[in-house]
Amino acid sequence: MNIYITGLGSGYEVEHLVRLFYPMAPLTLTPPEDGADCVWAEKRPDKLWAMVRQGGKSQTAEAPLPIPVEEGGETPEFALASLTYDCLLYTSPSPRDRSLS
């Protein structure tokens, strides 16, 4: 599992959210290869986009750019973290699926 974040001045919020699910996942500067397990979060010029792929299961989400904070909106960093969280919940194994040894 790799973490890839692009388009933000700081990916702190997204990175630390992902680390709750995957504490040892490395942060990488190169886009993941096709089919590789990853968390990919991106601020694009016209929208926010997130994807989590693990074990052949993937979930993507996108949202429009948020209203600026000065106008009562939220930061792009926080909005992208929220979008990524939704993807992480969909692809993460349930605690019931984990066996204790």
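Student: Which residues form one aromatic cluster here?
Tutor: Tyr-4, Trp-40 and Trp-49 do. Rings of Phe, Tyr and Trp (its six-membered ring) count as a pair if their centres lie within 6.5 Å; planes under 30 degrees apart are stacked, over 60 edge-to-face, and the rest tilted. Before we go on: this is a predicted model, where local features need pLDDT of at least 70 and side-chain atom pairs count only at pLDDT 80 or more, while totals for chains, interfaces and linings use all residues. Residues are numbered from 1 along each chain as its sequence is written, and side-chain values use heavy atoms, with hydrogens and water left out.

Student: How many aromatic pairs does the structure hold?
Tutor: It holds 3. Tyr-4 and Trp-40 form an edge-to-face one, at 5.2 Å centre to centre with 90° between the planes. Tyr-4 lies in strand S1 and Trp-40 in strand S2, so this pair ties together parts that are 36 residues apart in sequence. Helices (H or I, at least four residues) and strands (E, at least two) are DSSP runs, numbered from the N terminus.

Student: And how do Trp-40 and Trp-49 sit?
Tutor: Their ring centres are 5.5 Å apart and the planes stand at 90°, so that pair is edge-to-face.

Student: Is Tyr-4 buried or exposed?
Tutor: Tyr-4 is buried, at 11% relative accessibility. Buried means under 20% relative accessible area, exposed over 50%, and partly exposed in between (1.4 Å probe, protein chains only). Trp-40, at 18%, is buried too.

Student: Switching to charges, what lies over the face of Trp-49?
Tutor: Arg-44 does, 4.5 Å from the ring centre. The test is NZ of Lys or CZ of Arg within 6 Å of the ring centre and within 35 degrees of the ring normal. Lys-57 likewise lies over the face of Tyr-90, at 5.2 Å.

Student: OK, the core. Which members of the largest one touch the most others?
Tutor: Ile-5, Val-14, Val-18, Leu-80, Leu-83 and Leu-88, out of 20 residues. A nonpolar core is a set of buried Ala, Val, Leu, Ile, Met, Phe, Trp, Tyr and Cys residues joined through side-chain atoms within 4.5 Å. Helix H2 gives the most to this core, with 6 residues.

Student: Where do Tyr-4 and Trp-40 go, then?
Tutor: They belong to a second, separate core of 5 residues, which also includes Cys-38 and Trp-49.

Student: Last one: in which sense do S1 and S2 pair?
Tutor: They pair in the parallel sense over 5 bridges; strands count as paired if DSSP finds at least two bridges between them. Asn-2, for one, has Cys-38 in S2 as its bridge partner.
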